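Student: I've just opened this one and could use a quick tour. Can we go through it together?
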Amino acid sequence: MLSLDRLDKKYQLGIIGIALVALVITGLRLVPKNAHSSSVSSGIAVSCTNPDCTYQGSFSLSELWKLMQDTNAKLHYAEMVPPPDMALSVGWGSAEGPLLCPKCQEASLIVNQETPEDKTRE
């Protein structure tokens, strides 16, 4: 049986280095390709359903969270504002829980859930 005590120091470092590289490569392959897309994306598309306003725009994730906080302060949806991804999954920014439009200040702003990838498939 060969143990690490019998190997030279440079071979020990080489084996440890190869093991670390293998771990990093495995870790990178396990992370989804779009895991960081929300923080680097160009924005989250929103549109106002108020016929007098018809505002359309996009927000970064942090701007959207600020908008959710402002909406919650005025409309009291919840005790505290959940993270944006969780808030969107429970209906904030939908027809059932619209956000305050920055233009008309009405609760009529909804988040467009369709991504650019979805549009190309149609």
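Predicted model: local features only at pLDDT ≥ 70, side-chain atom pairs only at ≥ 80, totals over all residues.

Student: Sheet first. What is the order of the strands?

Tutor: The order is β2-β1-β4-β3. It is an open sheet of 4 strands, and the pairing is antiparallel.

Student: Which strands stand at the edges?

Tutor: β2 (56-59) and β3 (99-100) do. Each has a single partner strand, so one side of each is left without a neighbour in the sheet.

Student: And β1, how many bridges join it to β2?

Tutor: There are 4, and the two strands run antiparallel. For example, Ile44 has Phe59 in β2 as its bridge partner.

Student: What about β1 and β4? How many bridges there?

Tutor: 3 bridges, between residues 44-48 of β1 and residues 107-111 of β4. Ser47 is partnered with Ile110. Cys48 is partnered with Leu109.

Student: Is β1 enclosed or open to the outside?

Tutor: Largely enclosed by the rest of the structure, because 4 of its 5 residues are buried.

Student: Pick one, Leu64. What is it in contact with, beyond its neighbours within four places in sequence?

Tutor: Ile44, Phe59, Leu88, Leu99 and Val111.

Student: Now the surface. Which residues form a nonpolar patch there?

Tutor: Ile16, Leu20 and Leu23. Together they have about 320 Å² of accessible area. Leu23 lies in helix α1, which covers residues 9-30.

Student: Why is Leu23 called exposed?

Tutor: Because its relative accessible area is 60%, and exposed means over 50%.

Student: Last one. How many salt bridges are there?

Tutor: The count comes to 1. The side chains of Asp70 and Lys66 meet at 3.0 Å, N to O.

Student: Where do Asp70 and Lys66 lie?

Tutor: Both are in helix α3, 4 residues apart. That is about one turn of the helix.

Student: Are they buried, exposed or in between?

Tutor: Asp70 is partly exposed, at 36% relative accessibility. Lys66 is also partly exposed, at 45%.

Definitions and conventions:
Residues numbered from 1 in each chain as written. Heavy atoms only, no water. Pairing = 2+ DSSP bridges. Contact = heavy atoms within 4.5 Å. Patch = residues over 30% accessible without salt bridge, like charges linked within 9 Å, V, L, I, M, F, W, Y side chains within 5 Å. Areas by Shrake-Rupley, 256 points an atom, 1.4 Å probe, with all protein chains shown as cover. Salt bridge = Lys/Arg side-chain N within 4 Å of Asp/Glu carboxyl O. Buried < 20%, exposed > 50% of the residue type's maximum accessible area, 1.4 Å probe, protein only.
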